[in-house]
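Hi everyone, thanks for having me. Let me put today's structure up on the screen, and then we'll talk about charged side chains.

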Amino acid sequence: MRKIVYILLLSLLLTACSSPKDQVYSDRDTSKLEQVLKEQDKIAGYQSVIDNNDVVVAIDIPRFKRFQKVKIEDEVKKAIEKEFPDKEVIVTGDIKIKWEIEKIVDKKKKNDELKKSISDIKSLSKEET
């Protein structure tokens, strides 16, 4: 009996902890984006925001693949652009942009606030450090 209880608790814990980071808005677009990003084996994770005109994705690149960061970003961007030809796609491995996307997701911003936040992220992605 105890074994069954332990197995149930363990399975409950694992399913509760395995929920992916959600993207913001439009379920149809998010599911398409999620499928494209899950096919990419060179990335460890991602955060994304989808707007009417934009798709912004911050990807996590494993430590030893960081030397190929630009190449991986380009491959992921091309794959996303195939699915969303009518939207502007921004893909980056920058942690600063990932933090900004996480703020948007946490606050669940809508319409005007979302557009302003995405324009801020675009300007951040153009900065060079």
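I'll go through some of the salt bridges here. Keep in mind that this is a predicted model.

Some background before we start: side chains of opposite charge can pair when their charged atoms come close. How many salt bridges does the structure hold? There are five, and I'll talk about some of them.

Okay, let's look at glutamate 75. Its salt bridge partner is lysine 42, and the closest N and O atoms are 3.4 Å apart. Where do these two sit? Glutamate 75 is in helix H3, while lysine 42 is in the loop between helix H2 and strand E1, so this pair ties together parts that are 33 residues apart in sequence. Glutamate 75 is partly exposed, at 30% relative accessible area, and lysine 42 is partly exposed too, at 25%.

Now find lysine 98. One of its partners is aspartate 60, with 3.2 Å between the closest N and O atoms. Lysine 98 belongs to helix H4 and aspartate 60 to strand E2, so here the parts being tied together are 38 residues apart in sequence. Is lysine 98 buried or exposed? It counts as buried, at 14% relative accessibility, whereas aspartate 60 comes in at 26% and counts as partly exposed.

Lysine 98 also meets glutamate 102 in a salt bridge, at 3.9 Å from N to O. Those two are four residues apart in helix H4, so about one helical turn separates them. Glutamate 102 is partly exposed, at 23%.

Terms used:
Residues numbered from 1 in each chain as written. Predicted model: local features only at pLDDT ≥ 70, side-chain atom pairs only at ≥ 80, totals over all residues. Heavy atoms only, no water. Salt bridge = Lys/Arg side-chain N within 4 Å of Asp/Glu carboxyl O. Buried < 20%, exposed > 50% of the residue type's maximum accessible area, 1.4 Å probe, protein only.
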